[in-house]
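User: I'm new to this one. Could you walk me through it, a question at a time?

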Amino acid sequence: MASSRSLPTLAATALVAVVPFLSAAAGPQETPAPVAPLVRNVDVTVTNIDVVVTDKKGNRVRGLTKDDFEVYEDGMLQPLTNFYAVDGGKVVYFGDEAVPGAATPAPAPEPTPEPAPAEPAIAPLPVPRTKIVIFIDNLSLQPFNRNRILKNLDEWVRANVRDNVEAMVVTWDRSLKVRRKFTNDGREVSDIVRQQADISTMGQTRISERRDVIRRIDETKSEYEAFVEVRQYALSYKNDLDFTVDALKRTIDQLAGIEGRKILLHVSEGLPQSPGAELWKYVQDRFRTTDGGLSRFEFDATSAYLGIIRAANAAGVTMYMVDASGLSIDTGISAENRTTEAKIDSFVERTNLQSMIQLMAEETGGKAILNRNDISAPLDDMRGDYSSYYSVGYRSLRSGGERPRKVEVKTKKKGLVARSRRSYVEKSLETRITEGVTSALYFARDENPLSVGIDVGEPAPADSQNYLVPIQIRVPFSRITLLPQGDVARGRVIFYFVVVDAAGKQSELATQVVPVEVATKDLGGLARKDFVYDVRLLMIPGGQRLSLAVRDEPTNMVSYVQKGIFVSVLPG
């Protein structure tokens with residue numbers, strides 16, 4: 001006989017900790033013994049790498065086929081199993097054949113036979129959606145430089161964000177703010193970008209702080225005192241940089257579960273490899289010494305940037321890094337240095353700020369936009385990258401360890417340059433579901449092949465601060481795979497829960513493995529019935545967002561459902 005089950009209550013408190021506890025309504029329960037999988041699944045997936053091909057002059061190369069590419073994973077050549085080419089935002093080549101309707105050379109004319117009945121038109125193959133996150137780093141930007149770049153962005157998004165291309169705007173100034181979630185309305189994104197010109201930036205503060213440090217260095221009597229000044233400046237700078245790196249990784253991680261091409265367009269005035277590197281050099285020049293040179297490596301942030309690269313490649317995010325400082329004069333002749341005893345080494349300063357953004361762009365298959373006052377042309381090049389490219393894929397039998405793997409794409413034709421991400425992280429199905437259900441907290445995900453439904457009951461006070469919210473989850477028996485085993489048919493459903501509150505505090509992910517057992521003789525009567533599963537969430541008053549994933553274990557089919565919940569303190 002089919003039956004519903006009662007789930008241990010999950011708690012999403014003000015601290016957003018998910019703590020399971022037994023519900024009184026559920027009655028006495030015993031901890032179930034671990035159960036073996038119903039079926040053994042071998043996770044064989046296809047790794048797809050998007051590739052942009054140009055000649056040595058940077059001109060985009062079209063018309064290549066699968067036979068023109070080679071892919072190496074950890075140095076080993078991989079046989080290609082999947083291939084398609086996108087040109088002008090349309091799939092023009094799929095597998096080993098050109099797509100019907102795509103532009104091809106006209107064949108020689110032949111005698112026209114008797115006209116045959118017209119065949120129905122073939123629907124064009126869908127192109128993956130492109131999602132662009134515009135990340136404006138107000139912590140590093142000066143108003144004039146930022147607003148010059150925003151003007152270019154304003155014009156570009158108005159013309160290019162539409163149809164299959166969506167954009168999102170976030171800003172960073174020690175606080176990460178989402179100014180607009182993903183939309184394909186270019187005019188709306190343009191309005192949001194334009195509004196950012198009225199928001200204050202903090203880059204000028206950093207310049208003022210450095211000017212004060214230089215003045216104090218010039219007043220010191222010994223190199224030791226000067227190095228102390230630099231160290232204090234570098235510590236403050238590194239503290240801000242640590243938070244910036246964390247903000248970038250959080251943004252990238254939230255994109256991990258989103259399908260399609262993902263681009264992070266980062267606007268800053270550079271990110272330092274070693275905060276204050278130019279000041280260490282300034283002290284050496286000021287006192288004509290080589291001491292203290294190793295001290296700057298204490299603040300080297302290369303490993304943090306490599307962490308961003310790993311996160312981006314694991315999430316499938318391509319990074320385009322804009323240095324908004326543009327073309328600049330030698331800082332040694334700027335007003336900041338006219339009265340100093342030595343001068344800032346411009347080469348050290350610029351290399352320190354640009355080397356890491358260039359590394360992040362190259363390693364993720366994107367580009368660094370450097371030393372330009374007008375970035376309109378590079379933005380158009382970026383559009384070409386996501387509207388005209390190749391996708392090559394190969395099968396990989398997962399080894400069980402989620403670790404980075406090096407990947408290199410080459411073209412067999414000489415003189416061509418293939419640009420793609422240089423690593424990826426193999427992920428288990430469990431990880432992909434976890435990323436998907438977490439991303440859905442922030443970006444709605446409407447994939448529901450299991451036809452999962454959610455009903456929210458009336459919240460009831462649990463204590464002086466929290467409420468119990470009953471949730472009922474319904475899955476049609478017709479969508480659950482039940483395997484006959486004698487007199488009983490068995491299946492298994494796995495639920496994944498995560499909650500975020502109105503303040504943006506996110507709970508830990510909770511999972512529940514639920515066996516489904518039905519008498520074989522009753523299978524015929526379940527066609528129009530639901531498997532019902534009950535859970536109670538302990539929530540604080542206010543708005544909450546529940547993200548739920550439901551997985552049918554035998555087939556690994558997964559549904560993603562989100563539900564907004566408001567807990568009111570008012571009676572009724």
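**A hairpin and its neighbours**

Analyst: Let's start at a turn. This is a predicted model, and in it Arg174 takes a positive phi near 80°. Arg174 belongs to the hairpin of S10 and S11, which has three residues between the strands.

User: In which sense do S10 and S11 pair?

Analyst: Strand S11 covers residues 176–183, and five bridges link S10 with S11. The sense of the S10 and S11 pairing is antiparallel.

User: How many residues of S10 are buried?

Analyst: Buried here means under 20% relative accessible area. Val165, Ala167, Val169 and Thr171 point one way from S10, and they are buried. Glu166, Met168, Val170 and Trp172 point the other way and are buried too. For strand S10, residues 165–172, the count is eight of eight.

User: And what percentage of the chain's residues are buried?

Analyst: Zooming out, the chain has nine helices and 27 strands. Its accessible surface comes to about 28,700 Å², with 53% of that belonging to carbon and sulfur atoms. Of the 572 residues in the chain, the buried ones make up 48%.

Terms used:
Residues numbered from 1 in each chain as written. Predicted model: local features only at pLDDT ≥ 70, side-chain atom pairs only at ≥ 80, totals over all residues. Heavy atoms only, no water. Helix = DSSP H or I, 4+ residues; strand = E, 2+ residues; numbered from the N terminus. Buried < 20%, exposed > 50% of the residue type's maximum accessible area, 1.4 Å probe, protein only. Areas by Shrake-Rupley, 256 points an atom, 1.4 Å probe, with all protein chains shown as cover. Pairing = 2+ DSSP bridges.
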